[in-house]
Amino acid sequence: MTRKVKAKSRILEAVHETASDLHRLGFIDKRKMRELEALCLTIEVPEYDAEKIRAIRERYKLSQSVLASILNTSLSTVRQWEIGKKHPSGPSQKLLNLLDRKGLETLI
């Protein structure tokens, strides 16, 4: 699963490139750089199908109800994701992406 990052516009791309150079040289701290990236960049979140969701849940040895609690959704919703009746979108998709990339500690 790759994370695609692209600028919202050519101007913001130039601003981000300049800021990245300033960060690398020590003129911009890590916190400010993250804030700037949030403003300038669009991160495409991958879609999660039933198999991927089940694999993430099993990787962290979570029950469906615990995963639902972590994602602030219902047990029924997680069940429907895992059988393919529904697909996560919006905040749930982003939280699944965080869980997948950064680990359980990020969401707890």
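Tutor: One cut-off before we start: a residue is buried under 20% relative accessible area, exposed over 50%, and partly exposed in between. Keep in mind, too, that this is a predicted model.

Let's look at helix α3, residues 50-59, and begin with its partner α5, residues 75-83. The axes of α3 and α5 are 6 Å apart, and the angle is about 120°, so the pair counts as oblique. On the α3 side the contact uses A50, I53, R54 and R57, and these meet W81, E82 and I83 in α5. Sorted by class, that contact has 4 nonpolar residues, 3 charged ones and no polar ones.

While we're on α5, have a look at S76, which sits in that helix. Its relative accessibility is 40%, so S76 counts as partly exposed. S76 and S65 are 11 residues apart along the chain, and their C-alpha atoms are separated by 8.7 Å.

Now back to α3 for its other partner here, helix α6, residues 91-102. Here the axes come within 11 Å and cross at roughly 50°, so α3 and α6 are oblique to each other as well. The crossing of α3 past α6 is left-handed. I53, I56 and R59 are the α3 residues involved, and they meet L96, L99 and D100 in α6. By class, this contact splits into 4 nonpolar and 2 charged residues, with no polar ones.

Note on methods
Residues numbered from 1 in each chain as written. Predicted model: local features only at pLDDT ≥ 70, side-chain atom pairs only at ≥ 80, totals over all residues. Heavy atoms only, no water. Axes fitted to C-alpha atoms, helices over the stretch in contact; angles between N-to-C directions. Helix = DSSP H or I, 4+ residues; strand = E, 2+ residues; numbered from the N terminus. Parallel < 35°, antiparallel > 145°, perpendicular 65-115°, else oblique. Left-handed = near helix turned anticlockwise from the far one by under 90°. Contact = heavy atoms within 4.5 Å. Nonpolar A, V, L, I, M, F, W, Y, C, P; charged D, E, K, R; others polar. Buried < 20%, exposed > 50% of the residue type's maximum accessible area, 1.4 Å probe, protein only.
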